[in-house]
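Visitor: Could you walk me through this one? I'd like to know how to read each feature as we go.

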Amino acid sequence: MFNITRSNPLEEAFDNVFRAVPVWMPSRETRALAPMQIRMDVTENDREYVVRAEMPGVKKEEISVTIDGNEVTVSAEVKQEKDIKNGETVVHAERYYGKIQRVFALGQEVDEATARAKYHDGVLELMLPKKAIAAAKKVAVN
């Protein structure tokens, strides 16, 4: 015999309200450790955008930066775990594996050919030169 359980997200959200648990907060049984967030600062001057993204514990070989027009994607494979010494007993472990990603749009297109990136002490720094704005072309009507 099959044991089928129906799931109704709307009904579960409604039930959570009455249990004084926020709807967006997963239950204790299903809650998993969330991967870290990429925190970043973006500044600009007349020539370029400068992005500083905190990515502690990530190896630079695992970082990927993609530029498509004015859209920038920063992603990385993350492996967070703690080594346990011989003779120790694990009572509780918090580790996770997965991909973190941040996508954002800038006010002007980026010249991807001259973009630069540096990674030092857990901070990724992107220098993203602005693409020259093409002058409007007037078309003669015949």
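Guide: Let's begin with the naming: strands are DSSP runs of E with at least two residues, and helices are runs of H or I with at least four, numbered from the N terminus. T73, for instance, has its place in strand β4. This is a predicted model, where local features need pLDDT of at least 70 and side-chain atom pairs count only at pLDDT 80 or more, while totals for chains, interfaces and linings use all residues. Residues are numbered from 1 along each chain as its sequence is written, and side-chain values use heavy atoms, with hydrogens and water left out.

Visitor: What is the mean pLDDT of the chain?

Guide: pLDDT is the predictor's confidence in each residue, from 0 to 100. Here the chain averages 79, and 65% of its residues reach 70 or more. Over residues 27-32, pLDDT stays under 50. Where pLDDT is low, the predicted coordinates should not be read in detail.

Visitor: Back to T73, then. Is T73 buried or exposed?

Guide: Buried means under 20% relative accessible area, exposed means over 50%, and partly exposed is in between (1.4 Å probe, protein chains only). T73 is at 16% relative accessibility, so T73 counts as buried. For neighbours, think of contact as heavy atoms within 4.5 Å. Setting aside residues within four places in sequence, T73 is in contact with S64, V65, T66, Q101, R102 and V103.

Visitor: And which residues is S75 in contact with, leaving aside its neighbours within four places in sequence?

Guide: S75 also sits in strand β4, and its 7% relative accessibility is why S75 counts as buried. Its contacts are M55, E62, I63, S64, K99, I100 and Q101 once neighbours within four places in sequence are left aside.

Visitor: Which residues touch the most other members of the largest nonpolar core?

Guide: A nonpolar core is a set of buried Ala, Val, Leu, Ile, Met, Phe, Trp, Tyr and Cys residues joined through side-chain atoms within 4.5 Å. The largest one here has 19 residues, and M55, V74 and L128 touch the most other members. At least two core residues come from each of β2 (48-54), β4 (71-80), β5 (96-105) and β7 (123-129). The biggest giver is β4, with four residues.

Visitor: How many salt bridges does the structure hold?

Guide: Side chains of opposite charge can pair when their charged atoms come close. A salt bridge here is a side-chain nitrogen of Lys or Arg within 4 Å of a carboxyl oxygen of Asp or Glu. The structure holds seven. One of them joins R116 and E48 (3.9 Å, N to O), linking distant parts of the chain, with R116 in strand β6 and E48 in strand β2, 68 residues apart. R116 is partly exposed, with a relative accessible area of 43%, whereas E48 is buried at 13%.

Visitor: What does the salt bridge between E109 and K131 tie together?

Guide: Their side chains meet at 3.8 Å, N to O. E109 lies in the loop between β5 and β6 and K131 in the segment after β7, so this pair ties together parts that are 22 residues apart in sequence. E109 is partly exposed, with a relative accessible area of 42%, and K131 is partly exposed at 33%. Then there's the pair of R47 and D46 (4.0 Å, N to O), where both residues are exposed. Finally, R52, K118 and E125 are linked in a network of salt bridges.

Visitor: One last stop: where does D121 lie?

Guide: D121 is in the loop between β6 and β7. D121 has a positive phi of about 55 degrees although it is not a glycine. With 70% relative accessibility, D121 counts as exposed.
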